[in-house]
Amino acid sequence: MIGKYGLRFVSLGYLAVLLVAPVSYVFWKTFEHGFGPAWDAVTTPNAVHALKVTLILTAVAVPANTIFGILCALAIVRHRFPGAGIVNAVVDLPLALSPVVVGLALLLLYGREGWLGGHGVVFALPGMVLATIFVSLPFVVREVVPVLREIGTEQEQAAATLGASALQTFRRVTWPAIRWAVAYGVVLTTARALGEFGAVSVVSGRLAGETESLTLHVQDRYQSFDEVGAYAAAVVLALIAVATLILMTRLKPKEETQ
Amino acid sequence: MAAKAAALPSPKARRSLAPGLAIGISTLYLSVIVLLPLAALAWRAHGWDAITSEQAVSSLKLTVIASAIVALVNALAGTAIAWTLVRDRFLGQGVVNAIVDMPFALPTIVAGLTLLALYGPRSPVDVNVAFTRWAILLALLFVTLPFVVRTVQPVLLELDREMEDAAASLGANRLATFRRIVLPNILPAILSGVALAFARAVGEFGAVVLISGNLPFKTEVASVYVFGRIESGDPGGAAAASVVILAITFGVLLGIGGVRRWATRHDR
């Protein structure tokens, strides 16, 4: 019995010290002197602009990666084609590759001396969009692939035999089966896109009020010794993270019961 | 409905078009977004002096050692947390289960900032690890926490408890039951979680950059070293070190594929 409670104590203690305490402390510090200073800090023109930039990056990256994710999952699972293994491995790469390396790669491709240089991609919004798309690319694919494997092709073949077109088969048979997996993938993609820091940091040029996303704004405020500004912006991002967590827990059981 | 169907091209013709489209679009998208930039990176990587410079070697060594320690701690802590979530029953378990995913949802720069606030120079609990190697371990442990938990948890859920009951009835104590029955079943999951955590730790930047202080030869990890090279106008050197990071990441990912194949073979 001691072992059981001991293990519970160790597990929960580890989570408390590593995750819960630091995040709660920053929440507390932000609102230490009331709601006013925090609100003022996140409504400065630079903070509002940074939030806008972050929302633009997410609004482009998420739909692009969702459409790609569904197509790529279909290509990997449903069709045998040369190079499928390589596609599979490359899709996983952004999950673990250092975001600074991603940013540098974009810088070298689109920068002044790059193969595709001189089109205003780097140190501007297009470069930041490309960086965000890169790092948030795998999530929809990774969620949809196992579900497609599991449902098999029998129903799709039946629909095709009954004269349904490829599009009809997708809409009536495949989509209802994968939609929760897609939704879960979209939530993960959104969280990653909103929170991207390293890759965007390299390609943005970090001009406050111009090419600064909300994560870059957090760092900028902290390094300018504006603690309240940094904490308040961090809390905005953390609140979005909490909303994401709630969505994740809501969607997960549905995905698993399929 | 029938008239509409007749107006469409024959199902066969449309079906043969669809797979080509899916494969074509995904391959093109992957090439433009991922492969082309990485090709530019490899092309521009020059100066092996840059990789063998003392500062580069020191940062790469620190990164690999710290990531290995973090992966090991995750093997233990992640398995313990997964066990607590699956086999234990207590009030608020659902909330704890959701909290485990927090590092996936929280931006890394925010993670670093919160750790710095509580365990930094102005710590309210008098623990200051800022600008030390402990800070790097702490930051990496934060961002890699969910990996082992989330790979071990489903396997533990599926595990047939009759085997453990049988072992217990044959006189095995709890430790022996765990070591001989449970561990062999969850080991592939632990290994693949540990490898993911290791790969993630090797590339981590946002969580580390504020709290580690980035002191060359002491607390400068590989990603921060690359960032520094870019800032000081040495993209060639940055690219050279990046290729090393890329190789480690890709190698670990291939290894995970290997572990998964090994696991499914042992399943049958």
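This is a predicted model: local features need pLDDT of at least 70, side-chain atom pairs count only at pLDDT 80 or more; totals for chains, interfaces and linings use all residues.

Colleague: How far apart do the C-alpha centres of domain 1 and domain 2 of chain B lie?
Modeller: They lie 32 Å apart. The assignment for chain B puts domain 1 at 11-44 and domain 2 at 48-267, with bounds from an automatic or database domain assignment.

Colleague: OK, chain A. How many helices and strands are there?
Modeller: Chain A has 12 helices and 0 strands. Those are DSSP runs numbered from the N terminus, with helices being H or I of at least four residues and strands E of at least two.

Colleague: And what box do the C-alpha atoms of chain A fill?
Modeller: Roughly 65 × 65 × 30 Å, taken along the principal axes.

Colleague: What share of chain A is buried?
Modeller: Of its 258 residues, 50% count as buried. Buried means 20 or more other C-beta atoms within 10 Å of the residue's own, exposed means 12 or fewer, and partly exposed is in between, with C-beta atoms placed from the backbone.

Colleague: Is helix 5 of chain A mostly covered or mostly open?
Modeller: Mostly covered: 12 of its 12 residues are buried. Among them are A:Pro99, A:Gly103 and A:Tyr110. Helix 5 (residues 99-110) reaches 16 Å from its first C-alpha to its last, close to the 16 Å expected at 1.5 Å a residue; that expected span is 1.5 Å times one less than the number of residues.

Colleague: Switching topic: how many residues of chain B are in contact with chain A?
Modeller: 71 residues of chain B, with 74 residues of chain A. Contact means that C-beta atoms, placed from the backbone, lie within 7 Å.

Colleague: Which helix gives the largest share of chain B's side?
Modeller: Helix 2 (residues 11-44) of chain B, with 21 residues. By class, that side of chain B has 54 nonpolar, 10 polar and 7 charged residues. Nonpolar covers Ala, Val, Leu, Ile, Met, Phe, Trp, Tyr, Cys and Pro, charged covers Asp, Glu, Lys and Arg, and the others, Gly among them, are polar.

Methods:
Residues are numbered from 1 along each chain as its sequence is written. Chains are lettered from A and ligands numbered from 1 in the order in which they are written. Two residues are in contact if their C-beta atoms, placed from the backbone, lie within 7 Å.
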